[in-house]
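This report looks at how the chains of one assembly are built and where they touch.

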Amino acid sequence: MFKHWKQGLVGAVAAATLTLPLAAAGALSDDKIKIGVLSDMSGVYKSLEGPGAVIAAQMAIEDFGGSVMGKPIEIISADHQNKPDIGASTAREWIDAKEVDMITALDNSSVALSVQGLAKDKKIITMNTGAGTTALTEEQCSPYGIHYVYDTHALPVGTATAMVKNGGKRWFFITADYAFGHSLRDNTGAVVESLGGEVVGNVNAPLSTNDFSSYLLQAQSSGADVIGLANAGQDTVNAIKQANQFRIVQSGQKLAGMLVFITDVHSMGLDIAQGLQFTTAFVWNQNDETRAWSERFHERHGAMPTMVHAGVYSAVTHYLEAVKETGTDDSDTVRAKLGEMTLNDMFVKGGKIAPNGSMLHDMYLVEVKKPSESNSEWDLLNVISKIPADQAYISMADTKCSLVN
Amino acid sequence: MSMQVILAQALLGLNVGVFYAMLSLGLAVIFGLLNIINFAHGAMYMLGAFIALIGYSFLEQWFGISVQIGFWASLILVPLLVGLLGVTIERLLLRRLYDLDHIYGLLLTFGITLILQGLFSNYFNVSGTPYPGQPESLSGVVDLGFMYFPTYRLFAIVFSLVVCFATWFFIEHTKLGSRLRAGVENPDLTQAFGLNVPLMITLTFAFGAGLAGLAGVLAAPIYSVSPLMGADLIIVVFAVVVIGGMGSIMGAILSGLALGLVEGLTKVFYPPAASTVIFFLMVLVLLFRPAGLFGKEK
Amino acid sequence: MTNRILFIIMLVAGLTAPLYAYPVFVMDLLCFALFACAFNLLLGYAGLLSFGHAAFFGGAAYITGYVTKEWGFTPLLGVLAGAGFALVIGTVFGFLAIRRQGIYFAMVTLALAQIIYFLALQMPFTGGENGLQGIPRGHLFGLIDLNNSLAMYYFVFAIFLIGFGIIYRTINSPFGEVLQAIRENESRALSLGYDVDHFKLLAFVISATLAGLAGATKAIIFQFAALTNAHWQTSGEVILMTLVGGLGTVFGPVLGAITVGALSHELSAFGSWVQVILGTIFVVCVMVFRRGIIGEIQRLASRKQG
């Protein structure tokens with residue numbers, strides 16, 4: 001842990017010295033581009049986004065050349081502690097007093113909603129890579145808000161469909177008790193019911209719960225076929241581990257992690273996690289391009305990237321490209337440009353940012369390998385199928401976003 | 001609601017209850033002799049869990065010592081270490097505050113809580129790090145008929161009960177215990193009889209702290225080890241103490257166990273109230289029996 | 001005399017602050033300063049340590065947020081509604097807590113505050129973990145747009161001055177003197193025929209209401225009511241502010257709030273080390289610096305005169 005702390009410090013220093021002073025004139029409002037990375041640096045979502053997101057953003061800036069139109073690109077980062085008020089007041093100060101041009105990461109739906117709402121008033125682009133709730137692009141959509149990596153509509157399409165088709169008709173949910181969990185539970189429930197399944201019960205667990213045993217026993221006594229975990233990060237890991245301790249799976253019920261990251265699988269271990277199916281936007285060892293980037297990331301971060309880390313890299317890169325091509329940091333112009341671009345890099349192929357802010361791209365249904373199938377520490381997933389973008393995301397015909405209809 | 005569910009949740013409630021009991025017992029012992037509410041009691045519990053975790057997983061990585069301290073060794077070593085910290089705090093800091101208003105003791109220990117909590121938050125994730133050192137012999141599952149229950153949790157319940165009742169027996173039924181009680185009742189007179197009261201106070205504080213550390217080691221394999229684990233617990237334990245009253249050791253133990261059960265059963269009948277039921281009971285006790293169920297007003 | 005000079009300094013600094021500081025941050029400090037002053041009324045002048053004042057501060061914020069957002073209350077009415085709520089729960093808490101004394105009093109208030117915290121977490125209108133977002137700043141008297149940050153600032157400063165004034169008047173009234181007599185020697189006050197419980201309860205209610213006023217104002221500034229404000233750690237912070245500035249002094253809590261607030265803000269990049277530093281300050285204050293900054297200054301001043 002001391003090691004990680006030192007790495008963090010080195011990272012922070014590197015970020016501070018990244019400011020490359022260059023001459024040439026441009027139409028940037030304050031003679032620089034400043035990107036804010038607002039993430040959970042200390043809690044339940046630290047390993048899936050957190051300090052790794054700062055590294056991913058730094059890599060994007062370095063790969064871009066460190067400057068745009070001859071002006072420096074800077075990073076500022078902070079810990080929102082999963083508290084929406086802290087997130088919002090940090091963002092407010094960044095925008096009012098620190099000249100931040102774009103805010104990314106935001107791996108907590110409550111925080112994301114509050115920051116996106118504020119940024120909408122202040123006309124600042126947010127590129128959300130970490131939060132899940134579809135409210136960001138539906139009921140509370142913003143002309144400056146972009147939802148980049150996944151949402152709670154895309155997650156159950158593959159996972160829940162596969163579970164129901166394999167006979168898991170009756171579902172019981174253990175739900176993280178805030179915007180993200182509620183949204184994921186509702187959207188998953190809708191998929192289950194549309195396929196002829198049934199939701200038999202639900203229990204809300206506070207964010208960052210250590211002991212899931214009483215919730216798991218409730219789920220067990222409900223007689224459901226599937227226990228759907230509408231939570232994420234450390235919460236999912238704890239729930240799955242404790243289900244194993246209480247022999248829930250051995251007693252005949254299946255667990256469905258509705259949002260699982262590769263770091264979660266790594267921390268549970270294959271013995272416990274094997275066979276688990278979930279939906280992701282990115283698999284690090286899918287092809288040579290992803291592997292090359294992921295190994296560079298691993299070298300700096302000490303762990304392989306989650307889909308969110310790769311998403312931060314991709315989002316920052318495309319934002320900088322849009323600034324470069326339009327020659328301005330004016331949010332309306334840049335957002336319009338982003339809407340015209342077709343996004344292609346190691347993370348996304350043929351992605352499009354829809355008018356409601358949703359970045360439409362393909363997702364993958366994956367399964368955790370058996371211990372015997374794994375060749376290395378991070379070789380953990382098999383891709384089962386691709387979920388095309390038009391199935392994964394809400395179509396512009398159906399969106400409730402007021403910007404579209 | 002089936003009987004099976006009620007029994008299962010009751011057992012889980014008891015599982016929580018033994019931790020309430022151990023912590024409120026330590027608080028009661030310290031309060032009895034020093035008249036101080038040790039806010040840092042939760043932090044000592046957290047510290048206990050962290051020492052066990054560090055001893056098992058991080059000694060080599062951090063300090064280059066290639067030793068691994070297992071669970072059983074931790075169960076003995078950790079309370080001693082936390083007790084030693086208790087001695088330091090009592091001798092260096094608390095002792096100077098005895099002549100002042102007792103709230104200064106509370107404020108001091110609150111400050112210590114912030115320091116310990118902040119220190120560990122720097123190096124460990126606030127949502128918890130798993131303790132991997134649970135002994136192989138306790139890793140199985142027991143089929144209780146109405147449910148499968150992890151062997152380790154059963155062990156934690158039994159072990160804590162033994163510790164609680166041994167403490168009660170020691171204080172209420174041994175010679176040393178009776179001297180201790182005399183020190184509580186009348187420190188000046190006890191001193192006059194040639195007993196070293198300051199030493200007794202130090203050892204009592206250390207004992208209370210050690211008890212919290214022991215609870216921390218026991219909790220480590222069940223809950224993830226987190227810098228906030230003590231803070232979340234200690235406020236509930238305060239309510240337990242107000243309900244039980246500070247008067248008796250047995251009162252602290254019984255109210256801890258009972259309130260754990262109550263909380264577990266609330267989860268069956270009305271889950272949203274599970275986190276508040278103890279506080280509402282506290283309000284009722286304050287209204288109808290202000291000194292607490294087992295307490296005598298001081 | 002010293003008080004008059006300090007008051008003029010405070011007034012000038014408050015009026016000119018937006019010229020050289022980030023106004024939202026100064027507004028935040030003002031809320032905490034008022035909160036600490038309200039807390040000081042109870043601990044510094046009545047000798048009662050409440051460990052649950054976050055319930056009033058945070059609870060009022062939710063009520064203010066709700067009535068302005070859902071019922072369209074004007075900002076001023078919203079703030080008053082929040083303070084009114086704090087008055088009501090302050091009365092209930094006070095009634096229960098004064099049944100116990102000393103550290104029991106502290107534990108009871110802490111546990112009662114925890115009920116408010118869990119209610120805030122679970123009741124539907126508060127938004128739980130999400131908090132109550134998007135509270136409108138609105139128009140003062142239907143005229144002045146508070147979205148203008150200067151207008152907002154002077155509105156907050158006016159509320160602070162009113163709250164501060166009420167506390168100052170209370171302390172220097174006969175009521176305040178009886179409170180201090182109770183703090184010095186409760187049984188003597190009792191034997192002089194004062195209804196001690198009645199005085200304590202009244203002090204508790206005033207303190208709770210003004211703490212609520214501070215929290216309500218904060219909700220309008222940040223357009224947000226959140227769990228953080230109702231958390232026990234906030235109760236701890238306000239104790240620290242009061243202690244650092246000077247317990248039982250008029251200006252101590254203001255100075256303490258500024259010191260602790262600025263320190264936390266400046267050091268926020270260091271993550272949890274802030275907590276370690278605050279904890280250390282706590283310990284140092286309790287061990288060797290019990291008078292606080294203003295208290296020490298007053299002691300030195302009186303020594304010079306004597």
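**Chain A as a whole**

The model is predicted, and local features are described only where pLDDT is at least 70. Chain A contains 14 helices and 15 strands. Its radius of gyration is 21 Å, close to the 22 Å that the globule rule gives for 405 residues, so chain A is as compact as a globular protein of that length. Taken along the principal axes, the C-alpha atoms of chain A fill a box of roughly 70 × 50 × 40 Å. Of the 405 residues in chain A, 60% are buried. When contacts in chain A with a separation of 6 or more are considered, 74% of them are made by residues 24 or more positions apart.

**Strands of chain A**

An open sheet in chain A is formed by 4 strands in the order 8-7-9-10, with parallel pairing. Strand 8 (198-205) and strand 10 (254-257) of chain A are the edge strands, each pairing on one side only. On average, and with direction ignored, neighbouring strands of this sheet are turned by 20 degrees against each other. Within the sheet, strand 7 (residues 170-176) and strand 9 (residues 226-230) of chain A run parallel and are joined by 5 bridges; Phe172(A) has Ile227(A) in strand 9 as its bridge partner. Helix 8 (residues 233-245) of chain A lies across strand 7, strand 9 and strand 10, and runs at about 170 degrees to strand 10.

An antiparallel pairing is found elsewhere in chain A, where 4 bridges join strand 11 to strand 14 (residues 363-368). Here Phe278(A) has Val366(A) of strand 14 as its bridge partner. In a regular strand the side chains alternate between the two faces of the sheet. In strand 11 (residues 277-280) of chain A, Gln277(A) and Thr279(A) point one way while Phe278(A) and Thr280(A) point the other way, and all are buried.

**Contacts between chains**

Where chain A meets chain B, 20 residues of chain A are in contact with 24 residues of chain B. On the chain A side, helix 1 (2-16), helix 7 (213-221) and helix 8 are the elements that give two or more residues, and helix 7 gives the most, with 4 residues. By class, this side of chain A has 7 nonpolar, 10 polar and 3 charged residues.

Where chain B meets chain C, 32 residues of chain B are in contact with 31 residues of chain C. At least two residues each are supplied to the chain B side by helix 4, helix 9 (229-244) and helix 11 (277-288) of chain B. Which helix of chain B gives the most to the side that touches chain C? Helix 4 of chain B does, with 15 residues. The residues of this side of chain B divide into 23 nonpolar, 8 polar and 1 charged.

| Helix | Residues | Span, first to last C-alpha | Expected span |
|---|---|---|---|
| Helix 12 of chain C (273-288) | 16 residues | 22 Å | 22 Å |
| Helix 1 of chain B (3-34) | 32 residues | 45 Å | 46 Å |

In helix 1 of chain B, 25 of the 32 residues are buried, so this helix is largely enclosed by the rest of the structure. Just after helix 1 of chain B, Asn35(B) takes a positive phi of about 60 degrees.

**Single residues**

Most residues other than glycine have a negative phi. Met69(A), although not a glycine, has a positive phi of about 50 degrees, and its place is in the loop between strand 2 (67-68) and strand 3 (71-79) of chain A. Glu99(A) also has a positive phi, near 55 degrees, and sits in the loop between helix 3 (84-97) and strand 4 (102-105) of chain A.

In chain C, His198(C) lies in helix 9 (residues 196-222) and counts as exposed, with 11 C-beta neighbours inside 10 Å. His198(C) and Phe95(C) are 103 residues apart in sequence and 9.4 Å apart in space, C-alpha to C-alpha.

Methods:
Residues are numbered from 1 along each chain as its sequence is written. Chains are lettered from A and ligands numbered from 1 in the order in which they are written. This is a predicted model: local features need pLDDT of at least 70, side-chain atom pairs count only at pLDDT 80 or more; totals for chains, interfaces and linings use all residues. The expected span of a helix is 1.5 Å times one less than its number of residues. Two residues are in contact if their C-beta atoms, placed from the backbone, lie within 7 Å. Ala, Val, Leu, Ile, Met, Phe, Trp, Tyr, Cys and Pro count as nonpolar, Asp, Glu, Lys and Arg as charged, and the others, Gly among them, as polar. Two strands pair if DSSP finds at least two bridges between them. Axes are lines fitted to C-alpha atoms, for helices over the stretch in contact, and angles run from 0 to 180 degrees between N-to-C directions. The radius of gyration is taken over C-alpha atoms; the globule rule is 2.2 Å times the number of residues to the power 0.38. A residue is buried if 20 or more other C-beta atoms lie within 10 Å of its own, exposed if 12 or fewer, and partly exposed in between; C-beta atoms are placed from the backbone.
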